[in-house]
Amino acid sequence: MQVCKFLEVSKLSFAPEYGPKLKEDYIMVKHLPKILDNAEDRRCCSCQWLCCCRDNWQKVWAVLKPGFLAFLKDPFDPKPLDIVVFDVLPASDGNGEGRVSLAKEVHDHNPLRHYFRVTCGTRSIKLRTKSNAKVKDWVVAINDAGLRPPEGWCHPHRFGSFAPPRGLIEDGSQAQWFVDGSAAFEAIGLAIEEAKSEIFICGWWLCPELYLRRPFHAHASSRLDSLLESKAKQGVQVYILLYKEVALALKINSVYSKRKLLGIHENIRVLRYPDHFSSGVYLWSHHEKIVIVDHQICFLGGLDLCFGRYDSGEHKVGDHPSQIWPGKDYYNPRESEPNSWEDTMKDELDRLKYPRMPWHDVHCALWGPPCRDVARHFVQRWNYAKRNKAPNEQAIPLLLPQHHMVIPHYMGKNKEIESGENSDYGNHKDVRRNDSFSSLSSFQDVPLLIPQEADGPDAVKIEPKLNGFNPLHDLHGQTSRLSRNPFFFGKSKIEPLIPDMPMRGFVDDHDTLDLQSEMSHMKQTGLEVSEKEWWEIQERGDQVVSADEIGQVGPRVSCCCQIIRSVSQWSAGTSQNEESIHSAYCSLIDRAEHYVYIENQFFISGLSGDEIIQNRVLEAIYRRIMRAHNEKKCFRVIIVIPLLPGFQGGVDDSGAASVRAIMHWQYRTICRGHNSILHNLYNLIGPKMHDFISFYGLRTYGRLYDGGPVASSQVYVHSKIMIIDDRTTLIGSANINDRSLLGSRDSEIGLLIEDREFVHSSIGGKSWKAGKFAMSLRLSLWSEHIGLHAGEVNQIRDPVIDSTYKDIWMATAKTNTTIYQDVFSCIPNDLIHTRVSLRQCMSFWREKTGHTTTDLGIAPNKLESYKDGDITGTDPMERLKSVKGHLVSFPLDFMCKEDLRPVFNESEYYASPQVFH
């Protein structure tokens, strides 16, 4: 002990995953529970007559690292008794004394007692040492660790995010996209199977019985509970953070999930949060969807590991007999939500009568520093939930965030630099500071986890199918059903676009020549290999992937990444709200040059001056369109959202007030009233507004079973993405509404990806260097939506010219909409303006088809048509053969003569309107 004290070392000192050693020593704490062993050794001194040890002060070993301050029982114990994870501090303490300090001296009336206080987030801890000199040493060391380096965690970064931009030079930052659940779940399953030490899972809803591979009969071991049990028995520690719902409002039954998971193995720990009564939080939710394996690979996006999410680009409406979706995984929340999850393999819906609701989503895998940033967010939330829910439960440990260097291009620059985004829409001010980067936190002291490509004969066979996907370091001998991205862009040299770098203007642009030379060196040493692999994979595409498997998995590429989020005091214990997702949306839209493509579960936003809706994504879109109009330039905004909210109840049902309320707020945003964007644009530019902005949904059809009725359902758009100019992509869990974007409400996580590897393309008829990640994702999504095969992708390579936007995209949506209306008269549609006409339509078609589906969508056995004065019958499938893809027009006139807000005899009338927007 004395040697450790003299050398200031402990078991954590040289653990590279936690960063370089800074300061360690014994200090006194008062806030911790009584440490029973060796109580005499924990006295602050040996005196017997001043009674100074009778006020619960205890001696513990403090360890300072670049990202946290931990308290250990002794230097030999790696398990923390407590930990303060550093986070962004307020710019001012409110008393006019400047920026808040992480640590500050505390003066006491007793000159023999020496204190200092550490304040971060909602925590403020008073600590004590044996001398005033030690107090000063600790205060300086802690403030240096959190505040002095410009990459310190206590500084806000671009968009006000806790995390800085990554990948400005080669640091292992890589990303890969997945479209729809089958591809993403396959990848997540592979990563979990390769876990060696720990798994973090965070979700809004988690179903232990979820199969990650299908058909489920052939992949029993891919069930989530089985996978986790297998890894837990191998010693892998599993930490699962669930949203604790208000049971009266939601039926996701997190109690059942927790009980089921805890019964699997002692190495699986589960926390549910928030505790509604003690926290006073009833309206907001934890909405992130995260899986992190060994701090090396992270998955985030729109997909929870729960029922109803598994799907492919085909988006089937039926599954009888059950092959793909067992039991309650055959899911349609528009029809019915299960009241019990105890028997998950028992069907909730009659498969012979009701279609499932197909699910469209986008997910992303991350490697390198961004992965550790997401893990830090998880650790911060886990520790906060642990302190509030299970402070004395020894089986639930506190977690330590692993360290990674933050902003590589800051190293050793010792200049005044600017950080942060000066946005018209955000609340974050520029922060200027000096870089006094200490040698202790230099690049050489930080371990980089650069994913290695698998080698060996087995791995070579895997590579084409996984399209570069490699969960950790090796997947030797593993097989996979993941398909590769099929799109061949033609050979083109990959060039770093220094003059047109998407990051330029968003981050500090000092020493551009240094960045150029660094990227040039990177290209010579690493990217040439990457280029070869990329083109080889693309050219072999048609030989190894069939047409029906294409487009679900993107290329794994090096890129510039930044983690952004929505958190606040209630959700993560931070001292202030972080709304970096909101700031990123507004800033990126404002800087878009040619187009903005959005897919989201909701679209509820406000224009400047809107006193109800506070997020300003709509204002950013409106201003960007007006600028394009005034400059007489082509600019497109394409928005894809669900045709109806994915909640139970028909639009006219007495119990569906929440469905109508969400519809009200969305139509208020889009086209109804003086707060809507189309109303304001039409007043200024007339019908030309449709050249700039348009709204769409997704729909599909099929037979419920062989020889069964032909059914149609909306494809529920649950993805939360934005693609700009084929160079920038935002993927995450956040919806476009106040709940997700304001920071003080739902907690969210997102990823901003700015391409660093480019291919030759065109936009607006002119040559354009498009990013691999952004362009391949857009082409995959658009091909699925409008029904193009790999060989037809060139038709939509240029996203904004009329031949793409009007002749293909808009024309396909219009044709598909017409066909679906002719065959199904499905809900919603533009011909129904009132609840009376909706009732008449529902009554007529239900009697005609003999089915009682909520939104109609069942075709008659024969379509009646008049020919030469006679009525003839046509097979509806013949008419539906003309449908291409899933794209349909969003029904802007549906229920346009109704006030959809809750009325006084509905319980939703008495709820806060904020619940719905």
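At what angle do helix α18 and helix α19 pack, and how far apart are their axes? I start my notebook with that, after a word on the model.

**Entry: ground rules.** I am working with a predicted model, in which local features need pLDDT of at least 70, side-chain atom pairs count only at pLDDT 80 or more, and totals for chains, interfaces and linings use all residues. Residues are numbered from 1 along each chain as its sequence is written, and side-chain values use heavy atoms, with hydrogens and water left out.

**Entry: the helix pair.** I looked up α18 (residues 772-786) and α19 (residues 802-824). They pack at about 50°, and their axes are 9 Å apart. Helices here are DSSP runs of H or I with at least four residues, and strands are runs of E with at least two, numbered from the N terminus. Axes are lines fitted to C-alpha atoms, for helices over the stretch in contact, and angles run from 0 to 180 degrees between N-to-C directions. The two helices are therefore oblique to each other (under 35 degrees is roughly parallel, over 145 roughly antiparallel, 65 to 115 roughly perpendicular, the rest oblique). I then listed the contact (heavy atoms within 4.5 Å). From α18 come Trp782, His785 and Ile786. From α19 come Thr804, Ile808, Trp809 and Thr812.

**Entry: the sheet.** I traced an open sheet of seven strands with antiparallel pairing. Its order is β4-β3-β2-β1-β7-β6-β5. Two strands pair if DSSP finds at least two bridges between them. Neighbouring strands are turned by 35° against each other on average, direction ignored. Helix α7 (residues 369-389) packs on this sheet and touches β4 and β7. The direction of α7 makes about 125° with that of β4.

**Entry: strand β1.** Next I took β1 (residues 23-29). Seven bridges join β1 to β2 (residues 58-65), running antiparallel. Two bridges join β1 to β7 (residues 123-129), also antiparallel. I followed Met28 both ways: Lys59 is its bridge partner in β2, and Arg128 is its bridge partner in β7.

Is β1 buried or exposed? Seven of its seven residues are buried (under 20% relative accessible area; exposed is over 50%, partly exposed in between; 1.4 Å probe, protein chains only). In a regular strand the side chains alternate between the two faces of the sheet. On one side of β1 I found Lys23, Asp25, Ile27 and Val29. On the other are Glu24, Tyr26 and Met28, and both faces are covered.
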